[in-house]
Amino acid sequence: MVEVGLIVALALAIAASIMILRRNTERGGSPGEYTNLPDVELDLKLQEEVRNLAHHGHTEEAIKHLRKQARLTPHEATVVVQTLMVGKTFPDPSTPQQSTESGPNAVVDDDLLNRLHLLVAQDPHKRNAAIQLLRDRTGMNAKDARRFVNAL
């Protein structure tokens, strides 16, 4: 009798495993299609509002607020909020496009310096986000960017 119970339990476990594997493969999709950053322009005030909401633990509210204000899909709003939380910014439609330098010769302007200070002051764990932001904006290598952020 015990053997029959073990066989039934084993059969159920195998069936459940097969169902889980099949469901995961049906969801499919390439990982890259979910991580594309939307090409949006957001008012700087809206970016700060959303960033503050998310940093204070109100991520869902930040996503809803952003969706309402910027007319984004749920996925786009989620990606934008996550991007804002790590310190990146989106272009502001109200400011004229300046030559946005990137590369080894890019300059650390006052805006970038202020954002770096904010990231480092918020949480010591935000240093990596500050380093990444600095690398993205200036093209610095990791070693130089880390040295710069540590000197702040």
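**View 1. The seven helices of the protein chain.** The protein chain of this predicted model holds seven helices and zero strands, where helices (H or I, at least four residues) and strands (E, at least two) are DSSP runs numbered from the N terminus. Read from the N terminus on, the elements therefore follow the order α-α-α-α-α-α-α. Residues are numbered from 1 along each chain as its sequence is written, and side-chain values use heavy atoms, with hydrogens and water left out. Because the model is predicted, local features need pLDDT of at least 70 and side-chain atom pairs count only at pLDDT 80 or more, while totals for chains, interfaces and linings use all residues.

**View 2. Surface and contacts of the protein chain.** Of the 152 residues in the protein chain, 24% are buried, a term that stands for under 20% relative accessible area, with exposed meaning over 50% and partly exposed in between (1.4 Å probe, protein chains only). The chain exposes about 10700 Å², of which carbon and sulfur atoms supply 56%, the areas coming from the Shrake-Rupley method with a 1.4 Å probe. Among contacts (heavy atoms within 4.5 Å) between residues at least 6 apart in sequence, 58% join residues at least 24 apart.

**View 3. Helix H2 against helix H3.** Helix H2 (residues 44-55) and helix H3 (residues 59-70) pack at an angle of about 160 degrees, with their axes 7 Å apart; axes are lines fitted to C-alpha atoms, for helices over the stretch in contact, and angles run from 0 to 180 degrees between N-to-C directions. This angle makes H2 roughly antiparallel to H3, since angles over 145 degrees count as roughly antiparallel, those under 35 as roughly parallel, 65 to 115 as roughly perpendicular and the rest as oblique. On the H2 side, Leu46, Glu49, Val50, Leu53 and Ala54 meet Thr59, Glu61, Ala62, His65, Leu66 and Gln69 in H3.

**View 4. Helix H2 against helix H4.** H2 also packs with helix H4 (residues 74-85), at an angle of about 80 degrees and with axes 9 Å apart, which makes H2 roughly perpendicular to H4. In this contact, Gln47, Val50, Arg51, Ala54 and His55 of H2 meet Val81, Leu84 and Met85 of H4.

**View 5. Arg71 in the loop between H3 and H4.** Arg71 is found in the loop between H3 and H4, and its phi is near 55 degrees, a positive value in a residue other than glycine. With a relative accessibility of 76%, Arg71 counts as exposed.
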